[in-house]
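Here are some exercises to work through with the model open in your viewer. Try each one yourself before reading its solution.

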Amino acid sequence: MSAPVAEQHKSEQLKAYQTAVLLTRSGNEWATVCYFYAAYRAARRAFNLDSRLDSDAAARAVNPRLSASSRHVDFHNGHPSRGPGVNDIVRFLYPAIATKYELLHAKSVEVRYRTGLIGVTIEETRKLADDIIRELTRLGPQ
Amino acid sequence: MAEIIDGPVMAEAVGVTSAGYLGGAETLRSLNVVVYPVEQRAVVWAGLRDTSLDAQLAAVAAFAEVRECYLDELEVELRFGEPDEPTSDRATAKAMELTR
(Lines give C-alpha, C1' and ligand atoms only; values in the text may rest on other atoms or scores of the structure.)
Protein backbone atom coordinates (compact mmCIF):
# COMPACT_ATOMS: atom_id res chain seq x y z
CA MET A 1 0.00 0.00 0.00
CA SER A 2 1.28 3.45 -0.90
CA ALA A 3 -0.44 6.58 0.34
CA PRO A 4 1.29 8.89 -2.20
CA VAL A 5 0.14 6.71 -5.09
CA ALA A 6 -3.39 6.60 -3.70
CA GLU A 7 -3.35 10.37 -3.35
CA GLN A 8 -2.16 10.72 -6.93
CA HIS A 9 -5.06 8.57 -8.13
CA LYS A 10 -7.46 10.67 -6.05
CA SER A 11 -6.10 13.87 -7.52
CA GLU A 12 -6.42 12.53 -11.09
CA GLN A 13 -9.93 11.28 -10.28
CA LEU A 14 -11.00 14.76 -9.19
CA LYS A 15 -9.44 16.41 -12.24
CA ALA A 16 -11.17 13.99 -14.60
CA TYR A 17 -14.50 14.47 -12.84
CA GLN A 18 -14.26 18.26 -12.89
CA THR A 19 -13.49 18.19 -16.61
CA ALA A 20 -16.46 15.86 -17.12
CA VAL A 21 -18.78 18.31 -15.37
CA LEU A 22 -17.61 21.17 -17.61
CA LEU A 23 -18.13 19.05 -20.73
CA THR A 24 -21.56 17.95 -19.49
CA ARG A 25 -22.66 21.58 -19.20
CA SER A 26 -21.95 22.08 -22.90
CA GLY A 27 -23.58 18.77 -23.88
CA ASN A 28 -20.27 17.30 -25.06
CA GLU A 29 -20.27 13.49 -25.03
CA TRP A 30 -16.54 13.44 -24.23
CA ALA A 31 -17.79 14.03 -20.70
CA THR A 32 -18.42 10.29 -20.63
CA VAL A 33 -14.75 9.57 -21.31
CA CYS A 34 -13.81 11.79 -18.38
CA TYR A 35 -16.46 10.20 -16.15
CA PHE A 36 -14.98 6.82 -17.01
CA TYR A 37 -11.44 7.98 -16.24
CA ALA A 38 -12.63 9.37 -12.91
CA ALA A 39 -14.09 5.92 -12.14
CA TYR A 40 -10.90 4.24 -13.38
CA ARG A 41 -8.78 6.35 -11.04
CA ALA A 42 -11.17 5.62 -8.17
CA ALA A 43 -10.74 1.89 -8.90
CA ARG A 44 -6.95 2.15 -9.07
CA ARG A 45 -6.98 4.05 -5.78
CA ALA A 46 -9.16 1.37 -4.22
CA PHE A 47 -6.76 -1.35 -5.43
CA ASN A 48 -3.90 0.57 -3.91
CA LEU A 49 -5.56 0.77 -0.51
CA ASP A 50 -7.20 -2.66 -0.49
CA SER A 51 -5.47 -4.94 2.04
CA ARG A 52 -6.62 -7.99 0.08
CA LEU A 53 -3.90 -7.11 -2.45
CA ASP A 54 -1.15 -6.86 0.17
CA SER A 55 0.05 -10.39 -0.54
CA ASP A 56 -0.39 -13.12 -3.16
CA ALA A 57 -2.04 -15.38 -0.59
CA ALA A 58 -4.60 -12.79 0.44
CA ALA A 59 -5.34 -11.94 -3.18
CA ARG A 60 -5.75 -15.59 -4.20
CA ALA A 61 -8.14 -16.12 -1.31
CA VAL A 62 -10.48 -13.70 -3.11
CA ASN A 63 -9.93 -15.15 -6.58
CA PRO A 64 -7.19 -17.54 -7.80
CA ARG A 65 -6.44 -15.21 -10.71
CA LEU A 66 -5.58 -12.30 -8.44
CA SER A 67 -2.11 -11.61 -7.05
CA ALA A 68 -0.45 -8.81 -5.15
CA SER A 69 0.72 -7.40 -8.48
CA SER A 70 -2.91 -6.97 -9.57
CA ARG A 71 -2.71 -3.70 -7.64
CA HIS A 72 -0.47 -2.28 -10.40
CA VAL A 73 -2.43 -3.43 -13.45
CA ASP A 74 -3.22 -0.53 -15.77
CA PHE A 75 -4.87 -2.17 -18.81
CA HIS A 76 -8.62 -2.48 -19.01
CA ASN A 77 -9.46 -5.95 -20.32
CA GLY A 78 -7.95 -9.23 -19.23
CA HIS A 79 -5.97 -11.27 -21.78
CA PRO A 80 -4.79 -14.91 -21.72
CA SER A 81 -1.15 -13.82 -21.93
CA ARG A 82 -1.17 -11.14 -19.27
CA GLY A 83 -3.96 -12.04 -16.85
CA PRO A 84 -6.84 -10.01 -15.46
CA GLY A 85 -7.29 -6.35 -16.39
CA VAL A 86 -8.76 -3.54 -14.31
CA ASN A 87 -12.30 -4.49 -15.39
CA ASP A 88 -11.75 -8.05 -14.14
CA ILE A 89 -10.13 -6.96 -10.89
CA VAL A 90 -13.08 -4.65 -10.20
CA ARG A 91 -15.37 -7.63 -10.79
CA PHE A 92 -13.41 -9.84 -8.38
CA LEU A 93 -13.02 -7.29 -5.60
CA TYR A 94 -16.11 -5.09 -5.92
CA PRO A 95 -18.88 -7.12 -7.57
CA ALA A 96 -21.58 -4.65 -6.49
CA ILE A 97 -20.35 -2.04 -8.97
CA ALA A 98 -18.67 -4.26 -11.60
CA THR A 99 -21.49 -4.15 -14.15
CA LYS A 100 -21.77 -0.39 -13.97
CA TYR A 101 -17.99 -0.06 -14.28
CA GLU A 102 -17.83 -2.26 -17.36
CA LEU A 103 -20.74 -0.47 -19.01
CA LEU A 104 -19.15 2.91 -18.34
CA HIS A 105 -15.95 1.60 -19.96
CA ALA A 106 -17.95 0.47 -22.99
CA LYS A 107 -19.63 3.88 -23.22
CA SER A 108 -16.26 5.66 -23.15
CA VAL A 109 -15.10 3.41 -26.01
CA GLU A 110 -18.19 4.41 -28.01
CA VAL A 111 -17.30 8.08 -27.63
CA ARG A 112 -13.55 7.66 -28.22
CA TYR A 113 -13.55 5.29 -31.16
CA ARG A 114 -17.03 5.38 -32.66
CA THR A 115 -19.77 7.86 -33.45
CA GLY A 116 -21.00 8.48 -29.92
CA LEU A 117 -23.19 7.16 -27.15
CA ILE A 118 -25.73 4.46 -28.01
CA GLY A 119 -28.97 4.41 -26.06
CA VAL A 120 -27.86 6.34 -22.96
CA THR A 121 -27.45 10.01 -22.10
CA ILE A 122 -24.45 11.87 -20.74
CA GLU A 123 -26.37 12.30 -17.48
CA GLU A 124 -26.86 8.55 -17.22
CA THR A 125 -23.13 7.99 -17.61
CA ARG A 126 -22.58 10.59 -14.90
CA LYS A 127 -24.89 8.59 -12.63
CA LEU A 128 -22.90 5.43 -13.39
CA ALA A 129 -19.68 7.20 -12.42
CA ASP A 130 -21.25 8.65 -9.26
CA ASP A 131 -22.50 5.23 -8.14
CA ILE A 132 -19.10 3.63 -8.79
CA ILE A 133 -17.08 6.32 -7.05
CA ARG A 134 -19.46 6.48 -4.08
CA GLU A 135 -19.25 2.73 -3.55
CA LEU A 136 -15.46 2.55 -3.98
CA THR A 137 -15.05 5.42 -1.53
CA ARG A 138 -17.38 3.77 0.95
CA LEU A 139 -15.50 0.46 0.76
CA GLY A 140 -11.97 1.77 1.09
CA PRO A 141 -9.94 3.71 3.62
CA GLN A 142 -10.35 7.48 3.28
CA MET B 1 4.22 -19.73 -27.74
CA ALA B 2 0.44 -20.01 -27.84
CA GLU B 3 -1.05 -21.83 -30.80
CA ILE B 4 -2.80 -19.44 -33.19
CA ILE B 5 -6.52 -20.06 -32.95
CA ASP B 6 -8.78 -20.92 -35.88
CA GLY B 7 -10.60 -17.62 -36.41
CA PRO B 8 -13.78 -18.78 -38.17
CA VAL B 9 -14.27 -21.68 -35.78
CA MET B 10 -13.69 -19.47 -32.75
CA ALA B 11 -15.98 -16.74 -34.13
CA GLU B 12 -18.79 -19.23 -34.50
CA ALA B 13 -18.21 -20.62 -31.02
CA VAL B 14 -18.11 -17.18 -29.40
CA GLY B 15 -21.21 -16.20 -31.38
CA VAL B 16 -23.21 -19.18 -30.19
CA THR B 17 -22.10 -18.66 -26.60
CA SER B 18 -22.83 -14.94 -26.70
CA ALA B 19 -26.23 -15.38 -28.31
CA GLY B 20 -27.14 -17.83 -25.57
CA TYR B 21 -26.11 -15.64 -22.66
CA LEU B 22 -27.41 -12.40 -24.18
CA GLY B 23 -30.90 -13.80 -24.74
CA GLY B 24 -30.95 -14.78 -28.42
CA ALA B 25 -33.31 -13.29 -30.96
CA GLU B 26 -35.66 -12.04 -28.24
CA THR B 27 -33.18 -9.44 -27.06
CA LEU B 28 -30.84 -9.18 -30.05
CA ARG B 29 -31.53 -7.47 -33.33
CA SER B 30 -28.05 -8.45 -34.55
CA LEU B 31 -24.93 -10.12 -33.24
CA ASN B 32 -21.56 -10.02 -34.96
CA VAL B 33 -18.30 -11.51 -33.77
CA VAL B 34 -14.91 -10.39 -35.02
CA VAL B 35 -11.95 -12.56 -34.00
CA TYR B 36 -8.36 -11.37 -34.21
CA PRO B 37 -6.50 -14.71 -34.05
CA VAL B 38 -2.94 -13.44 -33.66
CA GLU B 39 -3.91 -11.04 -30.89
CA GLN B 40 -6.08 -13.71 -29.19
CA ARG B 41 -8.91 -11.21 -29.10
CA ALA B 42 -12.58 -11.16 -30.03
CA VAL B 43 -15.07 -8.32 -30.18
CA VAL B 44 -18.73 -9.19 -29.87
CA TRP B 45 -21.03 -6.58 -31.41
CA ALA B 46 -24.50 -6.79 -29.91
CA GLY B 47 -27.34 -4.88 -31.53
CA LEU B 48 -29.90 -4.81 -28.73
CA ARG B 49 -33.61 -4.47 -29.45
CA ASP B 50 -33.93 -2.40 -26.25
CA THR B 51 -31.01 0.02 -25.86
CA SER B 52 -32.10 1.50 -22.52
CA LEU B 53 -29.58 1.78 -19.70
CA ASP B 54 -31.15 -1.13 -17.82
CA ALA B 55 -31.06 -3.37 -20.90
CA GLN B 56 -27.40 -2.52 -21.50
CA LEU B 57 -26.56 -3.22 -17.85
CA ALA B 58 -28.29 -6.59 -18.15
CA ALA B 59 -26.28 -7.38 -21.29
CA VAL B 60 -23.00 -6.47 -19.61
CA ALA B 61 -23.86 -8.61 -16.58
CA ALA B 62 -24.72 -11.59 -18.78
CA PHE B 63 -21.59 -11.10 -20.87
CA ALA B 64 -19.36 -11.69 -17.86
CA GLU B 65 -20.26 -15.37 -18.28
CA VAL B 66 -19.08 -15.33 -21.90
CA ARG B 67 -15.77 -13.85 -20.84
CA GLU B 68 -15.35 -16.61 -18.26
CA CYS B 69 -15.92 -19.27 -20.94
CA TYR B 70 -12.95 -18.06 -23.02
CA LEU B 71 -10.67 -16.95 -20.22
CA ASP B 72 -7.68 -19.05 -21.26
CA GLU B 73 -8.10 -18.53 -25.00
CA LEU B 74 -9.24 -15.02 -25.81
CA GLU B 75 -9.70 -11.50 -24.59
CA VAL B 76 -13.41 -11.02 -25.28
CA GLU B 77 -14.96 -7.56 -25.41
CA LEU B 78 -18.62 -6.54 -25.71
CA ARG B 79 -19.60 -3.54 -27.81
CA PHE B 80 -23.04 -2.32 -28.75
CA GLY B 81 -24.27 -1.79 -32.30
CA GLU B 82 -22.75 -2.96 -35.57
CA PRO B 83 -19.05 -3.39 -36.49
CA ASP B 84 -17.79 -0.13 -37.97
CA GLU B 85 -14.50 -1.28 -39.44
CA PRO B 86 -13.74 -3.39 -42.50
CA THR B 87 -13.60 -7.00 -41.41
CA SER B 88 -12.39 -8.72 -44.57
CA ASP B 89 -9.07 -9.73 -43.05
CA ARG B 90 -10.61 -11.12 -39.90
CA ALA B 91 -12.83 -14.00 -39.08
CA THR B 92 -16.35 -12.71 -38.77
CA ALA B 93 -19.56 -14.48 -37.84
CA LYS B 94 -22.86 -12.86 -38.62
CA ALA B 95 -24.61 -14.32 -35.68
CA MET B 96 -28.28 -13.83 -36.26
CA GLU B 97 -27.85 -17.12 -38.05
CA LEU B 98 -26.45 -18.44 -34.81
CA THR B 99 -29.52 -17.58 -32.80
CA ARG B 100 -31.72 -19.95 -34.79
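**Exercise 1.** Which helices of chain A do the buried residues of α1(A) pack against?

*Solution.* A word on the ground rules: this is a predicted model, where local features need pLDDT of at least 70, side-chain atom pairs count only at pLDDT 80 or more, and totals for chains, interfaces and linings use all residues. Residues are numbered from 1 along each chain as its sequence is written, with chains lettered from A and ligands numbered from 1 in the order in which they are written.

Step 1: pick out the buried residues (20 or more other C-beta atoms within 10 Å of their own, C-beta atoms being placed from the backbone). In α1(A) these are His9(A), Gln13(A), Ala16(A), Tyr17(A), Ala20(A) and Thr24(A).

Step 2: look for their contacts (C-beta atoms, placed from the backbone, within 7 Å). The partners are α2 (30–49) and α6 (122–139) of chain A.

**Exercise 2.** Find what comes after α1(A).

*Solution.* Go past the helix to Gly27(A), which has a positive phi, near 70°.

**Exercise 3.** How do the axes of α5(A) and α2(B) cross?

*Solution.* Step 1: take α5(A), residues 95–113, and α2(B), residues 53–69.

Step 2: their axes come within 9 Å and cross at roughly 105°. That makes the pair roughly perpendicular (65 to 115 degrees).

Step 3: list who meets whom. Thr99(A), Lys100(A), Glu102(A), Leu103(A) and Ala106(A) meet Gln56(B), Leu57(B), Val60(B) and Ala61(B).

Note on methods
Buried ≥ 20, exposed ≤ 12 C-beta atoms within 10 Å, placed from the backbone. Helix = DSSP H or I, 4+ residues; strand = E, 2+ residues; numbered from the N terminus. Contact = placed C-beta atoms within 7 Å. Axes fitted to C-alpha atoms, helices over the stretch in contact; angles between N-to-C directions. Parallel < 35°, antiparallel > 145°, perpendicular 65-115°, else oblique.
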